[in-house]
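Open the model in your viewer and keep the selection panel at hand. This tour moves from stop to stop, saying what to select and what is there.

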Amino acid sequence: EPEISERAELHWKGGETAAIARMQHYFFESDALGLEYVGATMTTDPSKSVLRDGALSKLSPWLAHGCISPRLIHAEVHRYEAKRRK
């Protein structure tokens, strides 16, 4: 197991199980999808920047390596929205 730097925002571990765990954490446990404002990269206001911790899902590595599909993420977003509306 490689040493993890304390500066690392996310420790990426490959595989579908890790990808689904990240989705569950981002969508349902942290509720970041509904509570975080995802702004622009070209802003001087740090409260509206996508560069803040937790502002992005960080699902790209799993998408790029084929561990999860865009359809699965789309379905989970719909499940999250349905759960939140209750």
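Rings of Phe, Tyr and Trp (its six-membered ring) pair if their centres lie within 6.5 Å; planes under 30 degrees apart are stacked, over 60 edge-to-face, and the rest tilted. With that rule in hand, select Tyr26, Phe27, Phe28 and Tyr80: they form one aromatic cluster. The count of aromatic pairs comes to five.

Two notes before moving on. This is a predicted model, in which local features need pLDDT of at least 70 and side-chain atom pairs count only at pLDDT 80 or more, while totals for chains, interfaces and linings use all residues. Residues are numbered from 1 along each chain as its sequence is written, and side-chain values use heavy atoms, with hydrogens and water left out.

**Stop 1: helix 1**

Select 16-29, which is helix 1. Helices here are DSSP runs of H or I with at least four residues, strands are E runs of at least two, and both are numbered from the N terminus. Helix 1 has 14 residues and reaches 18 Å from its first C-alpha to its last. That is close to the 20 Å expected at 1.5 Å a residue, where the expected span is 1.5 Å times one less than the number of residues.

Now colour by accessibility. Buried means under 20% relative accessible area, exposed over 50%, and partly exposed in between (1.4 Å probe, protein chains only). The buried residues of helix 1 are Ala18, Ala19, Arg22, Met23, Tyr26, Phe27 and Phe28.

Pick out His25, also in helix 1. Beyond its neighbours within four places in sequence, His25 contacts Ser30 and Asp31; contact means heavy atoms within 4.5 Å.

**Stop 2: the nonpolar core**

A nonpolar core is a set of buried Ala, Val, Leu, Ile, Met, Phe, Trp, Tyr and Cys residues joined through side-chain atoms within 4.5 Å. The largest one has 13 residues. Select Ala19, Met23, Phe27, Leu59, Trp62, Ile68 and Ile73, the members that touch the most others. Helix 1 and helix 4 (70-85) each give two or more residues to this core. Helix 1 gives the most, with six.

Zoom in on Ala19. Leaving out residues up to four places away in sequence, Ala19 touches Leu59, Trp62, Cys67 and Ile68.

**Stop 3: helix 4**

Helix 4 has 16 residues, which should span 22 Å; its end C-alpha atoms are 23 Å apart, which agrees. Its buried residues are Ile73, Glu76 and Tyr80. On the face turned away, find the exposed Arg71 and Arg85.

**Stop 4: the salt bridges**

How many salt bridges does a search of the whole structure find? It finds two, each a side-chain nitrogen of Lys or Arg within 4 Å of a carboxyl oxygen of Asp or Glu.

Select Glu76 and Arg79, paired at 2.8 Å, N to O. They are three residues apart in helix 4, about one helical turn. Glu76 is buried at 11% relative accessible area, whereas Arg79 is partly exposed at 41%.

Finish with Arg84 and Asp31, paired at 2.9 Å, N to O. Arg84 lies in helix 4 and Asp31 in the loop between helix 1 and helix 2 (32-35), so the pair ties together parts 53 residues apart in sequence.
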